[in-house]
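Here is a short briefing on one structure. Look it over first, then read the notes below.

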Amino acid sequence: MSRKMVGLLIPLLALLLIMSTPAFLKLATPVRAQQYGGTLKIALPSEPNTFNWFAAGSTWSLDVLYPSYDRLFRWKNGTLVPELAKEFSVSPDGLTYTITIYNNVTFQDGKPLTAEDVAFTVNVLAQQDWTYYHGYFKSVDHAEAVDTYTVKIFMKELDVGFQALGLAVMNIMPKHIWEPLLQEHGDQLAVYNPKIPDEVVGSGPFQIVEYVPGQFVRYKAFDNYWMGRPYADELIVNFITEASTAILAVQKGEIDAYVGWVTPEVVPTLLSTEGVGIHIYQSSTFYHWGFINTRWPFNITDFRRAMAYCVNKQEIVDTVLSGWGIPGSWGVVMPFGPNAQWYNPNVENKYTFNLSKAAEILDKLGFKDVDGDGWREAPNGSDFSFEIYPPHYDIIRIRAAQMISDWLSQIPGGGIKAIVRVLEWKTVWPMIKKAQVDTYLLGSGPGNDISWLYRRFHTRETGGTGNWAHYSNPEVDNLTEALKTTLDPEKRKQIAWRIQEILADEVPIIVLYYRKFPQPYRIDKWEGWYRPLTGGIFNIWTLREVHLRTTAPPTSPTPPPTSPTPPPTSPSPPPTGPSPTSPSPTQPGGGAANTQFLVMLAIIIVLVIIIIVLLVRRRSPV
Amino acid sequence: MRRVLVRRAITSLITFFIAISLVFVISRLTGDPLSELIENPEVAPETVEALRRAFGLDKPLYVQYINFIQSTLVGQLGYSINYKRPVFDVIMEKLPYTIALLIPAITLSNYFAYRLGVESGWRRGKKFDISITSVSLFIRATPHFWLAIVLLYIFGVWLGIFPIFGAVTAGAEYASIWDWLKDYLWHYFLPVSVIVIRATGAMFLYIRNSLVETLGEDYITTAVAKGLPEKIVLYKHAARNALLPAVTVMGLRYAFIIDGAVLTETVFSYPGTGRLVYEAIVYRDFFLLQGAVIILTTSVIFVNFIIDLIYLYLDPRVRYR
């Protein structure tokens, strides 16, 4: 070897040397087999923006702060359950809330949590308009502590959803930390990031002790947690920006659960990995085919009904979502989660997929194929077509739009021409608001209180604020207003049922599906995961209850069977969750993906070698 | 020499001014950073207006511009809209990681590219040259993220000798700074390898072709005819001249460090400014973007200055002019 080459090789050798030092090769995480102990490792797809809960809005900031705070009430699998609130009452006029809290609650810095802290938190949210949840507290006049453990909240006006929305999202912040900060910074508290660990203090089960930006947040168990110390000694929330890396990390056991978006395609591979379970939850976002109800012909109710007969929701769920969802309801309100209590089952089968019925209606309306080209013309004889706009980033909705377009073209006696247009969504969005498109596919979130129907269907909310369909019906206007001012639960239910009947009858929008999402988590190391049907696995009940597995020996050298059946104490996937793809039991480890990858790599290497050999042989005689 | 430096300083200032003005204008052309909040059902319109006031976005554009120039001159970068924290803090959280990742990676890859390029150009048409060239073409055609995932799979999952995410082990306690360093380097190896491999492949061809061209020059023939040893001809006569055009390209890669390595950072979940800048663009975080561009412009100007100095060293003609 020439001396020149030596100079080239030295850095390479140095790298190899570093690589092979023992420090690089050892990785030991001691596991104690007790009820208490262990480090629970969760991964989120993104880091938090700020640790200031008053200002925090991004999902990931809220998730990171979640283990540190308690609330008065919290939504648990579709039911509003009291947490810090021991007693709760509302005055008959609905304007005064009286809440008594438990008296054994302390903050992580040792100071007791009292009614003063609750009143302070409510007042900040009500008075500081920059706070993220200010919207839920707009109707609050002020709150005051009546005695050490009783707080009264006085409302400016009736706000029926206040408990379900405002009080259920409100983390109780310590007054002794935040009052001085508020005085010092004023409005600028909106851009203040509290110091860790001294200022990020709550009363929740885990206390934030360390944050390494872009890397992880470390929490330690709060020994004096009022509901009893959580079992895990430590909680670490990692930030893994690439979903495929996160999936590998779960498979390797480097993290215990991944709380991010996972494509259903990888579920079989994950299930065939020993020790990995899948939690499936139902998202309540309603993906719908929306019509601009002010544009011809979508201002004709019968035309919209004809459209309703042309949509086969079940088939969209079966094919495009490969079973990962449930068909949308005709009354828009979903039959699960917090909204289940207001769901009207009578409108369930209002329309069934029936193209002949659609043809009948269209014939009656005058949409007929007069020139015999296979497409129906408008009643005045001119060519007729409309457009469907799905967002460019969601392949599922693009495919759903194509399916709808296909069904419309198959209407007997001449199809309806629906053109699927995929444009940059930032371009389409303003057009929807200004009623410049015909139809669109949108996913919208409901609220936890049924009064959200006001926002979606009241005339006053048209265009700019939530009623994207530009739907207007005086009766729905009155009913949705009544939802906001009626206190009696039975009456509210009647109103909600009536609204759903009207929506199903007039079809301002067609809800196509509600999606289900998978979340991978380890079942071999931990047990006691709380798995709600409508929420993720990273929740306060999991944090309180999850503990090291005591039943199975995870350190056993013989690998457990590769069958995906979870150990007995771990619940199987939720009953409504379909198992869309059964994993092949013969595949060990990461099965299919590994093999494909190997083959791919081998082909590439062989190709490279062939190319090099060919080149060398051709040039060498020269 | 002094006149050159003064002229340099003046043009640098003008460049800086134009660059930050441009980013001010361009970022504001992309739309409203608060638009996503407007569409969020949880957020009240009052809140959006309050935030607009807090960030000074309610003022007329020219006032915003004057404020921006003023605060830049006193070294204030403002507050990030997305992070709701001072821009300086947000960038400084990530910049050390990026510098630690990219400066060694760029230096190593420049060095590898230089040595390989020179050796390969000298042996033009030989087996060594052809095999190295084909490999580098292959690497050039490989997307960053693909290479990253392949390395991750081989070393992280199959062999299991490297961690698959992060820059340090989460929650680890270190007995000493050396333990920390070991842990850091262990996490560092795969991301840095990806960047070195990719960048070497890209720069190699540049240097090789430049050298091949130089080897055709008369003075090389003269040097060989004089009977100089091969090593002196190659490194003193040929390589030095071949390096001239490459120095600018190699040097400027240091300047763009704040752009980071988005894809590598993302795959390895390595914290860095690449993703930060990318997200600043996506979320229209004007102030964060402006802060990043100020740093970028400063470093481009600085690196250009250094490159000029290197030119002085490499090319005596520049020195004596």
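Among contacts in chain B (heavy atoms within 4.5 Å) between residues at least 6 apart in sequence, 75% join residues at least 24 apart. This is a predicted model, where local features need pLDDT of at least 70 and side-chain atom pairs count only at pLDDT 80 or more, while totals for chains, interfaces and linings use all residues. Residues are numbered from 1 along each chain as its sequence is written, chains are lettered from A in the order in which they are written, and side-chain values use heavy atoms, without hydrogens and water.

**Chain B**
- Chain B has 14 helices and 0 strands (DSSP runs: H or I of at least four residues for helices, E of at least two for strands, numbered from the N terminus).
- Its C-alpha atoms fill a box of roughly 80 × 60 × 40 Å along the principal axes.
- Of the 321 residues of chain B, 50% count as buried (under 20% relative accessible area, 1.4 Å probe, protein chains only).

**Interface with chain A**
- 76 residues of chain B are in contact with 69 residues of chain A.
- The two chains bury about 6400 Å² between them, 65% of it on carbon and sulfur atoms (accessible area, 1.4 Å probe, lost on being put together and summed over both).
- B:Glu42, B:Lys84 and B:Phe165 supply 10% of the area that chain B buries against chain A, more than any other three residues.

**Salt bridges**
- The rule finds 3 salt bridges across the interface of chain B and chain A (a side-chain nitrogen of Lys or Arg within 4 Å of a carboxyl oxygen of Asp or Glu).
- The side chains of B:Arg53 and A:Asp129 form a salt bridge at 3.3 Å, N to O.
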